[in-house]
Amino acid sequence: MQRRNFIKKSSLGTAAAVAFPTIVPSSVFGKNAPSNKISIGQIGCGRIARDHDIHDTIRFDNARYVAVCDLDSKRMNDAKVLVDGYYKQKTGKDKYMDTKMYGDYREMLLNKDIDAVVISTPDHWHSQPAMEAAIAGKDIYLQKPTSLTVKEGQQLRKAVQDNNVILQVGTQQRAMPQFRVAAELVRNGRIGKIHTVKIGLPGDPAGPEAPEMPVPSNLNYDMWLGSTPEVPYTEIGVHPQDGYSRPGWLRHRNYGAGMITGWGQHHYDSAAWGMNTELSGPISVESLAEFPKSGLWNVHGDFFVKHEYDNGITVYTSGGYTNGIQYIGDDGWIFVSRGNYTASATDPVDKEKSAKALNASDPKILDSVIGENEIHLEKIDDQHGNWLECIITRKAPISPIDKGHKACTVCLISDIAMQFSRKLIWDPENEWFINDPEANAMLERAQRKPYGTNYIKA
């Protein structure tokens with residue numbers, strides 16, 4: 001019997017367990033027995049893993065962390081201490097867990113006892129391990145952005161669908177009630193027909209020059225670079241060697257696109273929820289953006305992006321707006337944000353400017369009750385918990401790959417538009433720019449062998 005099927009049957013309380021030999025003590029099959037838990041491997045043990053993904057997964061009784069993996073052995077060891085310490089405190093047993101460590105996630109994926117993986121790596125290392133995990137039959141929790149390029153996202157979507165695994169994208173705003181309430185109110189016409197959406201999203205500052213440094217002995221730098229170009233090591237281009245503050249790779253175009261993907265996928269995903277465009281996308285994009293003229297960091301700073309949709313809605317995104325999403329309709333507006341929530345203590349967000357989680361042009365809008373026969377959007381309490389539940393039930397999670405890919409694509413074509421001084425016409429169904437070979441060339445990147453999604457063998 002496959003572990004997945006056993007977990008499903010035992011977790012759902014079926015009578016399947018009676019088939020096991022009676023000489024096994026019944027206590028072994030209690031609800032908290034290790035054999036009944038989803039065995040989790042953690043890929044990437046940096047800031048977002050420690051502050052968010054491990055913390056928000058390990059607390060569920062149906063999950064059991066059994067392995068951690070990182071290309072930085074210091075961070076890998078720290079993660080083992082974190083996980084083992086959690087179980088020691090929870091169980092009162094010194095040796096309840098001895099978390100296994102892997103310097104290469106591909107070795108972890110060969111472990112048949114691991115049911116699922118959480119991927120909390122830098123952006124350029126999202127799609128490849130997720131694809132390989134799908135091929136290995138592992139269920140996946142994937143940090144956003146879903147991919148570094150549109151092509152990578154297409155490849156990942158196909159791998160997940162072909163292998164019938166559960167992939168949850170880490171767009172956890174879907175678990176925050178204010179975003180669902182705002183989307184429901186908009187979808188049910190409480191502000192009339194919407195015509196405009198304004199999204200507030202910060203940019204990143206420029207940084208200093210960074211001379212080449214020796215590669216730390218604890219870091220597998222060549223594999224860290226992965227499919228991206230080979231460049232000299234410098235600490236602010238990777239991550240801090242002491243502590244877990246916001247890493248410098250977030251601000252380098254080799255490894256991501258800056259805040260347009262870093263937070264953009266959250267807000268574009270939430271906005272699509274309210275606009276009912278989760279599986280489509282804009283039909284045009286145009287942008288203005290400032291980029292640093294010196295220093296190592298080279299992602300966008302201040303910017304402005306405009307998207308047009310075929311349903312008549314225009315979406316504007318800029319750091320000049322309050323962080324969050326404002327839906328504007330013929331009869332009023334609704335604004336929604338995270339309030340004071342952050343996924344990490346070093347998120348670059350002004351809490352004071354986004355402290356009000358839900359607001360409207362008329363307070364009565366927010367008091368409106370959604371009727372029984374109106375549109376009700378899926379309600380969950382926790383993004384990681386929803387993923388674990390879906391591993392058991394095999395139902396689609398709230399942020400599946402198809403919706404995650406579409407939201408990420410909006411981010412990526414926005415970044416592409418920042419490189420041009422003209423309006424780009426987008427085909428959301430075929431996912432390419434119409435009559436624009438120059439822009440279409442940016443839907444993928446060259447990949448440095450042997451790394452990259454183009455070199456994965458099913």
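Predicted model: local features only at pLDDT ≥ 70, side-chain atom pairs only at ≥ 80, totals over all residues.
Local features need pLDDT of at least 70 and side-chain atom pairs count only at pLDDT 80 or more, while totals for chains, interfaces and linings use all residues. Residues are numbered from 1 along each chain as its sequence is written, and side-chain values use heavy atoms, with hydrogens and water left out.

Start with the nonpolar cores (sets of buried Ala, Val, Leu, Ile, Met, Phe, Trp, Tyr and Cys residues joined through side-chain atoms within 4.5 Å). Buried means under 20% relative accessible area, exposed over 50%, partly exposed in between (1.4 Å probe, protein chains only). The largest core has 61 residues. Ile40, Val117, Ile140, Leu167, Trp224 and Trp387 touch the most other members. Strand β2 (residues 63–69) gives the largest share of this core, six residues. Helices (H or I, at least four residues) and strands (E, at least two) are DSSP runs, numbered from the N terminus. A second, separate core holds 45 residues, including Ile194, Val305, Tyr327 and Met418.

Next, the cis peptide bonds. One runs from lysine 144 to proline 145, with omega near -5 degrees. Proline 145 sits in the loop between β5 (139–142) and α6 (150–163). Another joins lysine 449 and proline 450, with omega about 5 degrees. Proline 450 lies in the segment after α14 (437–440).

Now positive phi. Asparagine 276, not a glycine, has a phi of about 60 degrees. Its place is the loop between α10 (264–275) and β8 (284–289). Glutamate 431 also has a positive phi, near 60 degrees. Glutamate 431 is in the loop between β14 (424–427) and β15 (432–433). Glutamate 431 counts as buried because its relative accessibility is 4%.
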